[in-house]
Amino acid sequence: MAYTKYSKKYWRETLQAYLFLLPSIAVLGVFVFWPIGFSLVLSFFKWDYTSAEKYFIGLGNYKELFRMSYPVSLNFFYAFVNTVVYALGALLFVRLVFYVTAGMTKYSRPERKFSLFYTISLVFFILFYVVKMANPGFSISWLVLSLVFIIFYLVVAFWLSKSGDELISYFKLAKESSDFLKAIYNTVYYVILSVPTQIALALIIALLLNRNIRFKNLFRTAYFIPFVTSVVAVSLVWQWMFNDQFGLLNYFLSWFDINKIAWLKEEKWTIPTIAIVSVWQHLGYTTVIFLAGLQNIDRSYYEAADVDGANSWQKFKYITWPLLSPTTFFIMIITMIGSFKIFSQIFILYQGLPGPVNKSGLTLVYYVFQKFYDEQRMGVASAAAYMLFLIILLLTFIQFRLGKKRVHYES
């Protein structure tokens, strides 16, 4: 009998395939899919261990996450506009510097013209949009339009800077009236410190290990050992190293006549301390991935560059970095996701507390832990967990959209 979609043989083999998959599906359903679905439903209910009853409150748990104990003195609208104005000015300044740099280096004339065109077009587009929104029937030459925009930007920036209402200042005040906002602030601060540092150091070490140096395998093993070491053991060792009285770090600082730093007691050092431990532990893993990406680059590209007389920097800029972009893209995603889930180092370093004072080490995962384990508020903990999921999902989506334009996959 012919093997068709509706034959008995087709359905028999399909059934056998699903029977083989049934144990895995059952395990995933019990330990993954069911908890995910139940926690989503639970985020819309008010429920804790003190009561067996669950009350449906809709978005009440999500509203409670952003509820402030007292109002913030700053105006959010002014803070947002002020930040946008300064971000716009920084963007235009970067484009201008790029154009000037392109004119001073050995760029071809078409590249310099393109850079200038890009910068001027960006200014004109933003200016045209602002003017047309204010008055759709407005018509003026591009030269006058640019002058108006420059004057407008300087005036607005000066006026807003007088009040000091920046978006960062707003969140610095808002986080003191809401634990969840403080958790978001601390987590983002940690991600900004740890992710670029870890990627940059790992890339440098991978480039060094990729060379023909002595004891290369020994160095690779040494860098990777912290990643396979227990988080508890690593945190306890660093807890001793961060000790402000007899710690190893302060001992090294004393060589340079630097005063002792209370790493584990001062609020301002909480997030940097956690970032140092995390970067040190995960540096080896990121280095190994970078090293694998470097070894997958065909050596013929470098041989052709040697024939053309390219130096080391030119090889890195035009060969290594573009062909390493898929590996870098992968590392950026997994490192960012891992950084948002920071918890163990905080719990061990500060002996079960979210920081030394004022919850300075409170992160999103630690907030979920507190609400679930300490306060036993299941609905609020589930809502916070899904807010963390949405934040990671949004940032990952942005990375994927940007990666489509900048990641080069070698055919």
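Reply: Residues count as buried under 20% relative accessible area, as exposed over 50%, and as partly exposed in between, with a 1.4 Å probe and protein chains only. The model is predicted, so local features need pLDDT of at least 70 and side-chain atom pairs count only at pLDDT 80 or more, while totals for chains, interfaces and linings use all residues. Residues are numbered from 1 along each chain as its sequence is written, and side-chain values use heavy atoms, with hydrogens and water left out.

Me: Is Arg377 buried, partly exposed or exposed?
Reply: The relative accessibility of Arg377 is 26%. Because that value falls between the limits of 20% and 50%, Arg377 counts as partly exposed.

Me: With which residue does Arg377 form a salt bridge, and in which helix does that residue lie?
Reply: A salt bridge requires a side-chain nitrogen of Lys or Arg within 4 Å of a carboxyl oxygen of Asp or Glu. The closest N and O atoms of Arg377 and Glu64 are 2.4 Å apart. Arg377 is in the loop between helix H16 (364-374) and helix H17 (378-406), 313 residues from its partner; helices here are DSSP runs of H or I with at least four residues, strands are runs of E with at least two, and both are numbered from the N terminus. The partner is Glu64, in helix H2 (residues 60-65).

Me: Which residues are linked with Glu64 and Arg377 in a network of salt bridges?
Reply: Lys371 forms a salt bridge with Glu375, with 3.0 Å between the closest N and O atoms. Lys371 is buried at 10% relative accessibility, whereas Glu375 is partly exposed at 39%. The residues linked with Glu64 and Arg377 are Lys371 and Glu375.

Me: How many residues apart in sequence are the parts tied together by Lys265 and Asp244?
Reply: The side chains of Lys265 and Asp244 meet in a salt bridge of 3.5 Å, N to O. Lys265 lies in the loop between helix H10 (248-254) and helix H11 (270-295), and Asp244 in the loop between helix H9 (231-241) and H10, so the parts that this pair ties together are apart in sequence by 21 residues.

Me: With which side chain does the side chain of Thr320 make a polar contact?
Reply: Thr320 is found in helix H13 and is buried, with a relative accessible area of 5%. Leaving aside neighbours within four places in sequence, Thr320 is in contact (heavy atoms within 4.5 Å) with residues including Leu207, Leu294 and Lys315. A polar contact is a pair of N or O atoms within 3.5 Å, where within protein one must be able to donate a hydrogen and the other to accept it, and residues adjacent in sequence count only if both atoms are side-chain atoms. At 2.6 Å, the partner of Thr320 is the side chain of Tyr302.

Me: Is Lys315 buried or exposed?
Reply: Lys315 is placed in helix H13 (residues 312-323). Beyond four places in sequence, Lys315 touches Tyr302, Ala305, Asp306, Ala310 and Thr320. With a relative accessible area of 18%, Lys315 is buried.
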